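Here is a friendly set of notes to read with the structure open beside you. Take the points in order, and look for each part in the model as you go.

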Amino acid sequence: MNADANAVSTAALGEPVLTARNLSIEYEVDPPVKAVRGASITLHRGEILGLAGESGCGKTTLAYGLNRLLKAPALMTGGEVVFHDASGDDIDVVGLDGEALRRFRWNKVSMVFQGSMNSLNPVMNVRKQLHDVFTTHRPGMKRAEREARSAELLTLVGVDPTRLSSFPHELSGGMRQRVMIAMALALDPQVMIMDEPTTALDVVVQRGIIREIMRLRERLGFAVVFITHDLPLLIEISDRIAIMLDGEIIEQGDAEQIYRAPGHPYTRRLLSSFPSLRGDRGDFIRTGAAAGGAA
Ligand SMILES: Nc1ncnc2c1ncn2[C@@H]1O[C@H](COP(=O)(O)OP(=O)(O)OP(=O)(O)O)[C@@H](O)[C@H]1O
């Protein structure tokens, strides 16, 4: 990693909101798979951190580890994850359990999963699924408040609130994904982890949703860990990028720096595998001449 460049870019960033240090995660199968090996990342308040790397390098496993969503045979074998709450408290995420863990998840850090648009319950309308989030996590909320907040959330993600009465099969893939983003936003989290949130959608719909995420981030101020294979997209939308290879974070820095002066040979190889990076893209980039293009 280029330490000097990183120091300069870090100085301009906000306070950390989520820090992972030396995180290691194994799948206890035979033979065991060391999916994440000593990974350290820092997510700053309000920033978009892109996580890139080829299929199987451990991105999803790391994301699940950050939010304590790992299930057997996955096991966190070392390291720490600390959430720096807006209240000033530091929360040891690895040490959470029971009620404390339930309160942490979705409230502080929420997640939009890979292919999650297919995880809406097919026999419940959108209203019921949004209301359920509040019934579970905000038991004091009155029905009218749940209804108002659900309609507000749909509007936020660009879906007409009349769609509260729709069932998932009545919505397009893009709309379903927007509903999933609305659910992830429901409890006003400080961090959203988005794992390939638009990969299954066609390019035009994908771009619309990415624009919406950028707008919401500007407006609501949450930080994002954004995972995708699409490195050109990451370079456009991220403030900083972490590159993962075989379970390790091999380089982490300012998106512009990763693009213009990649420090690691693997990052250079990854960049050169996207011919489009040399082409006419960049309508989202918020640095240099194209600033403001995200609107
Ligand atoms: N349930 C499991 N049991 C055993 N090994 C697993 C399991 N899930 C994932 N792995 C292995 O862990 C490694 C990391 O997988 P992971 O899904 O985190 O990678 P990824 O970078 O997110 O890949 P993709 O981009 O294809 O989703 C891979 O070698 C994968 O085969």
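1. In this predicted model, 13 residues of domain 1 are in contact with 12 residues of domain 2. Two residues are in contact if their C-beta atoms, placed from the backbone, lie within 7 Å. On the side of domain 1 that touches domain 2, helix α7 (residues 203-220) supplies the largest share, six residues. By class, that side of domain 1 has nine nonpolar, three polar and one charged residues. Here Ala, Val, Leu, Ile, Met, Phe, Trp, Tyr, Cys and Pro count as nonpolar, Asp, Glu, Lys and Arg as charged, and the others, Gly among them, as polar.

2. Where do the two domains run? Domain 1 covers 3-108 + 190-290, and domain 2 covers 119-188. These bounds come from an automatic or database domain assignment. The C-alpha centres of domain 1 and domain 2 lie 26 Å apart.

3. Now for the ligand. Of the 13 residues around the ligand, Tyr 27, Ala 35, Ser 55, Thr 60 and Thr 61 come nearest; a residue is near if its C-beta atom, placed from the backbone, lies within 6 Å. Two or more residues of this shell come from each of β2 (33-44) and α2 (59-66), and α2 gives the most, three residues. Helices (H or I, at least four residues) and strands (E, at least two) are DSSP runs, numbered from the N terminus. The shell around the ligand has six nonpolar, six polar and one charged residues.

4. A word on reading the model: residues are numbered from 1 along each chain as its sequence is written. Local features need pLDDT of at least 70, side-chain atom pairs count only at pLDDT 80 or more, and totals for chains, interfaces and linings use all residues.
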